[in-house]
Amino acid sequence: MSDIHFHTTRRDFLTGGLSLLSAASTLPIFLGNTATLLAQSAPTTGGKKRDDASPILVIVQLSGGNDGLNTVVPYGMDAYYQYRRRLALQQKDLLKIADGFGLNPAAAGLKELFDAGRMSIVHGVGYPNPNRSHFVSTDIWHTADPNLRQHSGWLGRYLDAECCGSDPGKRDASAKREANDAPDPLHGIALMQETPLAMMGERFMPLSFGDPDDLSWRNPKGDAAARETWEKLNNIDGKFSGLGSPIAQFLQRAALQAQVGADQIKEAAGGAVAGPSGRRRRGRPNGPDALNNQLQMVARMIAADLPTRVYYVSLGGFDTHSQQMDRHARLLTQFGNSMRDFLNTLQEDGLLDRVLVLAFSEFGRRVQENASGGTDHGEAAPLFLFGSALRPGLHGQHPDLRKLNRGDLAHTVDFRQVYAAVLRDWLKIKPEEVLGPGFGPLRLLKKSQA
Amino acid sequence: MQPCLKAPQRGLRSAAFLAVGLLATTLAAPAAAHEMSPLPEAQWTRDKAAHLLRRAGFGGTAAEIDATFALGVEKAVSSLVDFESTEYTPAPPAMSPEVAEPIDRREMRSKDEEERQKARMERNKLERQALIEMRLWWLERMVESPRPLEEKMTLFWHGHFTSGAREVQRSWFLWEQNQMFRNKGFGSFRELVLSVSRDRAMLVYLDNVRNHARSPNENYARELLELFTLGTGNYTEADIRAAARAFTGWSFNESGYLFRERDHDPGPKKFLSRSGNFGGEDVIDIILEQPACSEFLARALLEFFLTPDPPKPLVRRFAAEIRKNRFAIKPTLRTLFSSEAFYDPAYRGALIKGPFELIVSTARQLGVRVNDLIGASRLASEMGQELFQPPNVKGWDGGEKWVNTATLFTRYNTVGGLIFGDENRRGRFLQRMLNDEESNEEGAMSMGGVSAKARTRVNPQPTLNVRDWLADPELATAERIVGHFADNLLAVPLPSEKRALLVSYLEGESGRFTPRGKEAEQRLRTMLHLLCSTPEFQLY
């Protein structure tokens, strides 16, 4: 510990505080991580990059069930026009990406990325015996287990293995008390209030917050004296770190770490956007900038070199049972533009090569439109990947519209084959460790193993 | 408020901690820490009464601590353990009666695909609403019940014999399980394990419905041995296979548990060095004969009620008491709560409050209602605890796992919501609910969780009324106010430096606190929020 030099612009207390901590006989791992983190990252802008440019995965969840058929339109299939009398998009309006396929005209951002070779589309992704409940199907994608026998998420299991080695024998009662190998929650950040199941491991718990401002102590009157008192009570000077029982000491240090960590995340994420009243402006969770705001925040956190391996963001509103046309178009515009801007920002920061994005929805929608100008819950749908490491273009086989399964598209690719590719070729972990055996990775990345 | 003789002892203890760090825990623990003999009445103090209320319940107001202290130790323990004499019959959760009905597969088959899908979604919606109602119902009980140990113990069993809604998919089964924990949770452990083995939620959750004579499924047998009764190292893989065979045929139908004899493997089995044509009940009896079983239960109870890392001698002595009580839970709890070990100062504040313990105990200690049950229930879930959905079969890890950068702020702000109520309206609770309503209209999904549409329990959160305290002549100075709340709200002493910080906040720039007027009320509330936004307040 002693050889670590702290790069910090925060008040002097920190050095004092942390050196007091390092005197403790056993140092919980998260503090070690904090110290490492402080040492490794310059919390201001730019700064040096970590030596090992470890790969970063960003998940974009399109919640509600995206209508794949009207996103990547198979204009070459006549059946599409028969089933979609009102909702079908005409070939002349589409943004053509391949023979027989065009993107929804609202998705100009996606078209730019596709043309630039930074986007892949995997056709017909789903799983056997599809479930059409949002909740169940979301859980299935999150756990990567259609039988829901898994209690943890696929990314959580990856982060379990990544942080502490995957030791299946670690389930006994003694292991759960070993605070020393508790994985650092900073390795996974979800920009949402409730932790997505996908990121919950057997041991790993990510940091989830809807807004970096959630990582603040709130007092309704904005009372500055109260705030200062709070900081001191929470060990900002590090002087309480050695006080009381081990568990009390743990909490004193956690309180200090929370303040440092929150400041760092807030600084990395670009700080709070204060309105004229000094009050935080909170965008509507499904407003027109929702996804863009989240992704730009992720871009800033990546640029600030947090040790985070997986980021999770989401966009809701895809459950278009009625009046789909305009709503879906607005969502796709937002999705496309946000992705384009995100990748541009990463490129400007010289970070594009470190990032892979996977965008999925819990299911597609029924082939036959309904009577309300919308579509009901369906099955297979295209999945999207973004980044510079991809083999760009279209992958897999589009489901046959003449051979529907209960009125739905039958899947041609199991989503776990996509996960397997991401795990093996991007995150560099054996897919079986996370998914169990039997899911051959698709060749989605340039450096895919043959 | 604190007896004077405590002070030097405490000073000594913290000095020891500073000097030798972690070693101090073991060194400082006096011999009494392992004694299960009853605490002499002469040693009963107000501090100990407060400790009992926190651990065997969810803490109490200053007046409740006084009343418990006045009872003496034996009666105080009895007032918590013998709760049946206190009448409490709240209305059951407002669940649609349909969720009690089985899903009729034949009828489903007769429908066309469209109708079937619609029926399925309709049913899912009812299940989710029922689950929300159950969560709110239980949270409300925890806050209001005059029988707190009943709620606490039910929470313990829920975390011990886990089942989760995501896997079980039938809210009614989880409701039955919760009732079962209430009905059997204080009786014989054998009967409880038997009931759990026949519980429909458990039969689904750990796959015993798929445990067939021809193709045994070991899931339930494995967790029964590993997580429910013995712990690793006390059985072999062969024992798991034998136990799984013994439980084949344990299944259910629309009215409840059902033993399907034709699906049961009646053949000879060798289980934990015994041989016979064992069935599931025999397996449970053999498990209970193992010394490891009483030790496992002792450890689980001690970890929940006393300390995250109970010393071995204490576990052994408590296990002996469990055997002496023939695995009857209620007398076992009485022994524990009456014991000298239970009141050892080393265990004071040794636990970290779980999210529900935090919300419920804050409300009970301050004497504030939790009106916004939906908001509170969501915040608990953000802090890592969702009722009827433990993270996995191990239940909640608890302890230090509860606390990280995100959850610590949520803890502090949740307590702030209870103190400021609607004054904090724009800040938090209502804003979030409005957001939910908006996104719900869009049909958008909240992640992983369930957005409540059944809004029967959305009531404004009241602002904590502090006038009685301000009018109390005993609390005329800032020092006295801070002292009163530090002593009554915290499980551990607040360092004098932190006391001074709170006093100086309360006094403000004028250097003198005047307990009158709106500003004084606001200051007192903020001081309380500060006191509850400390590492010390997380301890229990």
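Here is a short tour of some strands in chain A, with a quick look at chain B.

This is a predicted model, in which local features need pLDDT of at least 70, side-chain atom pairs count only at pLDDT 80 or more, and totals for chains, interfaces and linings use all residues. Residues are numbered from 1 along each chain as its sequence is written, while chains are lettered from A and ligands numbered from 1 in the order in which they are written.

Seven of its seven residues are buried, so S9(A) is largely enclosed by the rest of the structure. Buried means that 20 or more other C-beta atoms, placed from the backbone, lie within 10 Å of the residue's own. On one side you'll find A:Val355, A:Val357, A:Ala359 and A:Ser361, and on the other A:Leu356, A:Leu358 and A:Phe360.

Which strands does S9(A) pair with? The table shows two partners, S1(A) and S10(A). Two strands pair if DSSP finds at least two bridges between them.

| Pair in chain A | Sense | Bridges |
|---|---|---|
| S1 (residues 56-62) and S9 | parallel | seven bridges |
| S9 and S10 (residues 381-386) | antiparallel | three bridges |
| S3 and S4 (residues 101-103) | antiparallel | three bridges |

Zooming in, A:Val58 has A:Val357 in S9(A) as its bridge partner, and A:Leu358 stands opposite A:Leu385 in S10(A).

Strands S3 and S4 belong to an open, antiparallel sheet of three strands, ordered S2-S4-S3 in chain A. S2 (72-73) and S3 (95-98) of chain A are at the edges with a single partner strand each, so one side of each has no neighbour in the sheet.

As for chain B, 53% of its 540 residues count as buried.

Notes: Helix = DSSP H or I, 4+ residues; strand = E, 2+ residues; numbered from the N terminus. Buried ≥ 20, exposed ≤ 12 C-beta atoms within 10 Å, placed from the backbone.
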